[in-house]
Structures are given as C-alpha cells and as structure tokens.
Amino acid sequence: MKAKVIRRVAGAVGLLLVVAVAYLCFWPVPAQPVSWQASVPPGYTGAHAVNTRLSGLRRIDIGTEFGPEHMAIGRDGKLYAAMTSGNLLRMDADGGNREVFANTGGRVLGFDFDAGGRMIAADAMRGLLAIDAVGKVSLLTDRVSASDPIVYANSIVVAPDGTVYFTDSSTRFSPVKWGSTLEASVLDIIEQSASGRVLAYDPATSKTRIVARGLSFANGIALSSDGKSLFVNETGRYRIWKIDGRANDVTVGRGSPQARVLLDNLPGYPDNLMRGRNGRIWVGLFRPRNPAADSLAQRPFLRKILLRLPRSFLPTGELYGHVFAMDEEGRVTEDLQDPKGAYPETTGATETADRLYIHSLHAPAIGWLPR
C-alpha cells in the first residue's frame with residue numbers, strides 16, 4: 001500500500017513538472033524577444049565613481065500623491081509636477097500653496113511650456129495634449145496618420161519656433177492595453193525590437209512627422225542650445241543619441257550623419273533629460289544595470305521564459321539614486337548618487353538657481369537639494 005501511494009505521488013509530481021516545463025516553454029507571451037549586443041556594464045567608475053552626493057534629500061510633501069515622474073518650472077515661476085494619479089500639481093518653489101492644476105485622465109510623463117505659457121504634455125495614455133492657464137485639457141494629436149497611432153507618448157520639448165518634439169517610446173506596447181506604463185515598458189525593453197521613435201508636431205499645420213525611429217524605448221528628450229539638435233535617451237540600450245531636429249524618418253544606427261550616439265554604455269537605465277543652468281543637461285538613471293539582464297541579450301528564448309514568470313523574477317537592478325549632468329559634447333560635469341536608494345527610481349532633475357529637484361517614478365514626496 002505504501003509503495004502504491006509513493007508511486008501515485010511520484011506520478012503527480014512528474015505530471016506537474018511536465019506541465020510546468022510546458023508552460024515555461026510554450027505558453028503564449030505578448031513579446032517576441034530578439035537578440036542584441038549588450039556592452040559589458042562599466043560599473044560605477046570614472047566620471048560615475050561611487051559617491052553619496054544625492055543622499056539625504058530634503059522633501060516636499062505632496063499629500064496622498066506619488067510618482068513625481070517629471071517636474072518643470074512654468075512661466076509663472078511655479079513648480080509643476082506630474083503624478084501617477086493623472087494629476088498635475090502646481091505649487092510654489094518651496095512646496096507651498098500646492099494645488100491640483102489639472103487632471104488629464106491618463107499619465108503625463110513629460111511636459112514643457114510653449115511661448116504662450118500653455119503646458120504641452122506627453123500623456124502615455126492619451127497622446128499629445130495642451131493645457132491652458134485654468135487647467136483645461138485639449139488633445140493636440142494622438143496619431144501621425146490615420147493608420148499610425150501614437151502608442152506611448154513619453155517626453156517632450158518645445159522649440160523656440162513652436163515645434164513640439166516628443167518621444168513615442170514604443171509602437172509595440174501601449175500602456176492603455178497593458179494596464180500601466182511600467183508593464184508596457186517592461187515588455188518593450190525585454191523584447192528589444194527597437195520600435196521607439198522621435199516625433200515632431202507642427203502647431204501651425206497640426207501635422208506630425210517622424211524625425212527618427214529604431215530606438216529601444218525612446219525616452220527623455222532635450223534641445224541643443226542652438227535649437228538644431230535633439231538629445232534623446234534610449235533607455236533599453238543605456239545610451240544617449242544626438243539627432244538632427246530636421247531629420248525626416250531617419251533610422252538610427254544605420255550610419256546616417258543625422259543621428260549619432262553621444263554617450264554610450266551608461267551604468268543604468270536613462271530616463272528624463274532636462275536642460276539646466278550654464279549649459280548643463282541633466283540625466284536621470286532610474287535603476288542601475290543588472291549583469292544578469294545583459295547576459296540574456298543574445299538569449300531571446302530565455303527572455304521569453306522570464307515573461308512567463310511573476311515580474312518579481314525579472315533581473316532588475318537594486319534601488320540606487322543617480323542623476324548626472326553633461327555638456328552638449330557628452331562630457332559628464334556633475335554626478336550625484338545615493339547608493340542606498342532612499343529616494344526611489346530617480347528619473348531626472350530640474351535645476352533652478354536655488355534648488356535641484358529630483359524626479360522619481362514612485363516616490364511619495366518631491367526630493368530636492370539646495371544649489
């Protein structure tokens with residue numbers, strides 16, 4: 001009798017193992033990972049040598065809100081911040097007189113202000129939006145053409161001539177379809193199909209054109225001081241591009257003189273790009289690289305297996321606060337780190353004469369340092 005029970009248990013365990021292997025190997029997943037070449041992670045050396053200059057951030061209370069993913073100073077001198085809830089907060093520079101300026105009904109990941117003072121926002125759920133002085137939200141565009149929707153609007157900059165440049169992080173994975181910006185970004189970066197692009201919206205004609213494509217999760221964007229070039233973060237491949245703003249549907253990485261890598265093999269995933277003072281451009285690294293993730297670059301089948309596991313199994317880097325400033329030639333001029341990651345997922349920095357505000361994907365407060 002005992003042997004019979006043992007055989008039944010062994011058979012059940014064997015069946016479960018077969019089912020588990022079949023699930024891990026064959027269960028459908030939304031992404032189709034492709035091979036790519038990852039450079040050896042540089043670690044925290046050289047210009048990015050370990051330091052604690054970002055530790056001990058001061059905090060501005062934001063009530064029950066969280067996730068100040070992007071912040072900027074408006075033409076009225078107020079600090080504006082985009083929250084996970086869809087709310088855009090407006091406050092004094094010290095956090096006083098905080099109020100909800102607008103709610104887009106989506107998730108704004110980047111915004112800028114045009115010459116008339118309107119906020120122009122990239123909403124990952126809705127597309128390109130305009131928000132007037134009283135918080136009224138209107139849609140500028142949600143597609144390049146009738147058959148080409150904007151899937152994942154992310155970061156934005158308004159040029160002096162009024163042209164709105166913004167990133168469409170992925171044309172494969174929509175935050176609306178996949179329930180959140182985080183899930184859509186995970187799918188895109190694991191797949192590595194490099195479907196991200198840079199778009200330009202002309203307010204005079206209401207038309208949108210493709211500036212560049214072929215980016216693995218196109219993210220932060222900033223304008224050069226002469227207004228002719230764009231700096232663009234490619235989050236999925238740890239680098240920053242310099243792209244000619246006049247380019248028309250250029251595929252990066254194919255040898256075009258209109259697109260070149262400015263800064264490569266960063267120690268983390270670059271997110272927002274923000275112009276600072278004295279020519280500085282601030283870059284946020286929201287997580288450090290994980291060598292285990294890079295080791296899967298040429299193993300698409302294993303990455304597909306990862307997608308069948310709970311997201312907690314993904315080889316993401318540990319929490320680590322990190323922002324740095326560079327000049328227009330890609331030279332690092334300042335580097336601020338918090339190895340303990342007390343202020344989580346640092347996505348960027350907004351610099352004024354008095355303060356450096358630190359963006360975050362999920363922080364329950366606004367962190368800042370005196371300048």
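# Chat on a predicted model

User: Where is Thr235 found?
Analyst: Thr235 is in the loop between β17 (229-234) and β18 (239-244). Helices (H or I, at least four residues) and strands (E, at least two) are DSSP runs, numbered from the N terminus.

User: What should I know about the model itself?
Analyst: This is a predicted model: local features need pLDDT of at least 70, side-chain atom pairs count only at pLDDT 80 or more, and totals for chains, interfaces and linings use all residues. Residues are numbered from 1 along each chain as its sequence is written, and side-chain values use heavy atoms, with hydrogens and water left out.

User: Back to Thr235. Buried or exposed?
Analyst: Thr235 counts as buried, because its relative accessibility is 1%. Buried means under 20% relative accessible area, exposed over 50%, and partly exposed in between (1.4 Å probe, protein chains only).

User: What does its side chain reach?
Analyst: The Thr235 side chain reaches the backbone oxygen of Pro270 at 2.6 Å. Beyond four places in sequence, the contacts of Thr235 include Ile189, Ser216, Tyr269 and Phe286. Contact means heavy atoms within 4.5 Å.

User: Switching topic. How many residues are in the largest nonpolar core?
Analyst: That core has 36 residues. Among those with the most contacts inside it are Tyr152, Ile240, Leu273 and Met326. A nonpolar core is a set of buried Ala, Val, Leu, Ile, Met, Phe, Trp, Tyr and Cys residues joined through side-chain atoms within 4.5 Å.

User: Which elements give two or more residues to this core?
Analyst: They are α3 (181-191), β20 (259-263), β21 (268-275), β22 (281-288), α5 (300-307) and β23 (321-326). α3 gives the most, with five residues. Apart from this core lies another, of 19 residues, including Val157 and Trp241.

User: Why would such residues sit together?
Analyst: In soluble globular proteins, nonpolar side chains tend to be buried together.

User: Tell me about α3. How many of its residues are buried?
Analyst: Ten of its eleven residues are buried, so α3 is mostly covered. The buried residues of α3 pack against β6 (108-113), α2 (175-178), β21 and α5. Just after α3, Gln192 takes a positive phi of about 60°.

User: And Glu191, what does that touch?
Analyst: Glu191 is in helix α3. Glu191 is buried, with a relative accessible area of 1%. Leaving out residues up to four places away in sequence, Glu191 touches Pro30, Ala31, Gln32, Pro33, Val34, Arg172, Phe173 and Arg303.

User: Where does Pro267 lie?
Analyst: Pro267 lies in the loop between β20 and β21. Pro267 counts as buried, at 5% relative accessibility. Pro267 touches Gly43, and among its other partners are Pro42, His48 and Arg289.

User: How many aromatic pairs does the structure hold?
Analyst: Nine. Rings of Phe, Tyr and Trp (its six-membered ring) pair if their centres lie within 6.5 Å; planes under 30 degrees apart count as stacked, over 60 as edge-to-face and the rest as tilted. Ring pairs link Trp36, Tyr238, Tyr269 and Phe286 into a cluster.

User: Which residue lies over the face of Tyr238?
Analyst: Arg289, at 3.8 Å from the ring centre. Arg355 lies over the face of Trp368, at 3.7 Å from the ring centre. A charge sits over a ring if NZ of Lys or CZ of Arg is within 6 Å of the ring centre and within 35 degrees of the ring normal.

Technical notes. Polar contact = N/O pair within 3.5 Å; in protein donor to acceptor, adjacent residues only side chain to side chain.
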